[in-house]
Amino acid sequence: MKKQPLITEQTKANLKAAFWKLYTEKPIEKISIKQITDLAGYNRGTFYLYYEDVYDIFHQIEEELLNQIQNIIEGSLLNNETFDLSRQMGIIVELVQTHSDHVAYLLSEHGDPQFTKRLKEIIWPLLNRYFVPSKDHTEYQMGLLAEFYLSGVLSAVIKWNDDPKMDIDEFIHFMVRNIFPGM
């Protein structure tokens with residue numbers, strides 16, 4: 001009986017891997033369930049045990065990834081009462097690096113704009129807590145600052161991840177030193 005959950009998880013992982021391979025090759029509208037199941041080595045009925053359609057499998061992949069990222073960031077916020085910008089930046093860089101196959105693609109022009117929006121919403125408390133002063137700023141102004149910081153940080157991390165000519169510590173030190181020189 002204990003094998004069943006392992007088999008289920010492996011089946012779902014195989015279907016997700018097949019979907020992801022296809023997703024990086026063509027738009028989601030052009031992906032069929034038959035293509036996914038053929039690539040994964042299952043029949044269509046197996047797919048429907050776990051997913052409603054190609055959008056459902058895509059949504060579940062995004063949700064799992066965002067939940068993992070949110071748990072890591074919430075843990076950092078709860079466990080880290082002192083300011084350490086390098087550590088906070090390191091968390092973001094490591095998240096992207098750990099999930100680089102998915103995150104980099106989802107943040108690219110081929111990805112999902114909703115994923116980018118939701119990722120920024122998850123990361124913002126980490127950045128906002130320590131170095132974006134909110135006093136004397138309206139909600140609108142804070143939104144502008146959030147977009148500026150989040151877009152810049154995520155773009156730099158993705159660019160570095162695509163061609164890492166510095167190790168992770170060098171990259172973090174470079175970014176912190178040059179973006180936040182007074183810190």
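The side chains of D38 and K34 meet in a salt bridge, with 3.0 Å from N to O, the term standing for a side-chain nitrogen of Lys or Arg within 4 Å of a carboxyl oxygen of Asp or Glu. Both residues lie in helix α2 (residues 33-40), four residues apart, which is about one turn of the helix; helices here are DSSP runs of H or I with at least four residues, numbered from the N terminus. K34 is partly exposed at 46% relative accessibility, where buried means under 20% relative accessible area, exposed over 50%, and partly exposed in between (1.4 Å probe, protein chains only).

This is a predicted model, in which local features need pLDDT of at least 70 and side-chain atom pairs count only at pLDDT 80 or more, while totals for chains, interfaces and linings use all residues. Residues are numbered from 1 along each chain as its sequence is written, and side-chain values use heavy atoms, with hydrogens and water left out.

The count comes to seven salt bridges, including those in the table.

| Salt bridge | N to O distance |
|---|---|
| D38 and K34 | 3.0 Å |
| K21 and E25 | 2.6 Å |
| E63 and R118 | 2.5 Å |

E63 lies in helix α4 (residues 54-79) and R118 in helix α7 (residues 113-131), so this pair ties together parts that are 55 residues apart in sequence. R118 is partly exposed, with a relative accessible area of 28%, and K21 is also partly exposed, at 42%.

Helix α8 (residues 139-162) has 24 residues and should span 34 Å, in agreement with its end C-alpha atoms, which are 34 Å apart; the expected span is 1.5 Å times one less than the number of residues. Among the buried residues of α8 are M142, A146, Y149, L150 and W160.

Terms used
Helix = DSSP H or I, 4+ residues; strand = E, 2+ residues; numbered from the N terminus.
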